[in-house]
Amino acid sequence: MLKTTINLEPGKKVYFASDQHFGAPNPKESKVREEKFIRWMNEIKEDAQVLFLMGDLFDFWHEWNHVIPKGYVRVLGKIAELKDCGIQVYFFVGNHDLWMKDYLEEEIGCTVFYKKQYFEISGKQFLLAHGDGLGPGDKGYKRMKKVFTNPVAQWFFKWLHPDIAMKIALYMSQKNKMISGDEDKAFLGEDKEFLIIYSKKKLETEKIDYFIYGHRHLPMVLDLAENSKYINLGDWISYFTYGVFEYDFQLKIFEKQE
């Protein structure tokens, strides 16, 4: 398996955040959360070596050849600032921004991933993914994702006028549970949580110290084995949680006052 190795410099850390869903439920309310996320990025700037954005940064994102969605300029500008300061930024495409193409790579310098990735960070083994479509079940979403990622469907969609396309997409994203990933916030149990099932299956053949996902929205750290943890990063809608790794992994809440 292909693996990226990161050796942390003294005093430096790796940060993880997921499921900001900027743009939802409307631009006014989204802007409040965007400002809070920017303050968090300002705070981590001092000691971050790597930032992992683990998917669904936007509630909907689509790139045309010469057009991107309106808004998010301060968030994108802050990510660009971190990158310009020498912080490596990795972006995992989620089920809401799976139409991401090359904008973040070309304009900001992020590395964009469309599938799960393996990392070795200071000797620890990580499996990282947004989490959508992994594991058993969720068949309705998996069928829907095949439609969304179909090149023919994407070709037809891009020929809609952006004003019309965005109006349709934002409505579907916010109203359709299958698309929005608005999961039940209650823990379903280890035998029913599809990402936990997937991670345990992986442990049968691979040594992974940390499985880190977004998508589920429920912040969670769970011991899968003696030296293996399952982590869901939560979201920036209800929980404002993030992960940080230096010598070990911690899941924290950003509590800076408004």
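This is a predicted model: local features need pLDDT of at least 70, side-chain atom pairs count only at pLDDT 80 or more; totals for chains, interfaces and linings use all residues.

Reader: What share of the residues in the protein is buried?

Author: A residue is buried under 20% relative accessible area, exposed over 50% and partly exposed in between (1.4 Å probe, protein chains only). Of the 258 residues in the protein, the buried share is 51%.

Reader: Which residues of helix 8 are buried?

Author: Helices (H or I, at least four residues) and strands (E, at least two) are DSSP runs, numbered from the N terminus. Contact means heavy atoms within 4.5 Å, and the cover over the buried residues of helix 8 includes strand 6 (117-121), strand 7 (124-129), strand 8 (210-213), strand 9 (220-225) and strand 10 (228-232). Within helix 8, which spans residues 194-203, the buried residues are Phe194, Leu195, Ile196, Tyr198, Ser199 and Lys202.

Reader: Are helix 1 and helix 2 roughly parallel or roughly antiparallel?

Author: Axes are lines fitted to C-alpha atoms, for helices over the stretch in contact, and angles run from 0 to 180 degrees between N-to-C directions. Helix 1 (residues 27-44) packs against helix 2 (residues 73-84) at about 10°, the axes being 10 Å apart. Angles under 35 degrees count as roughly parallel, over 145 as roughly antiparallel, 65 to 115 as roughly perpendicular and the rest as oblique. Helix 1 is therefore, relative to helix 2, roughly parallel.

Reader: Which residues of helix 2 make the contact with helix 1?

Author: Helix 1 contributes Glu34, Ile38, Met41 and Asn42 to this contact. From helix 2 come Arg74, Val75, Lys78, Ile79 and Leu82.

Reader: How many residues apart in sequence are the parts that the pair of Phe16 and Phe52 ties together?

Author: Rings of Phe, Tyr and Trp (its six-membered ring) pair if their centres lie within 6.5 Å; planes under 30 degrees apart count as stacked, over 60 as edge-to-face and the rest as tilted. Phe16 and Phe52 are stacked, at 5.1 Å centre to centre with 5° between the planes. Because Phe16 lies in strand 2 (residues 13-17) and Phe52 in strand 3 (residues 48-53), the pair ties together parts whose separation in sequence is 36 residues.

Reader: Are Phe16 and Phe52 buried or exposed?

Author: The question concerns both rings of the stacked pair. Phe16 and Phe52 are each buried.

Notes
Residues are numbered from 1 along each chain as its sequence is written. Side-chain values use heavy atoms; hydrogens and water are left out.
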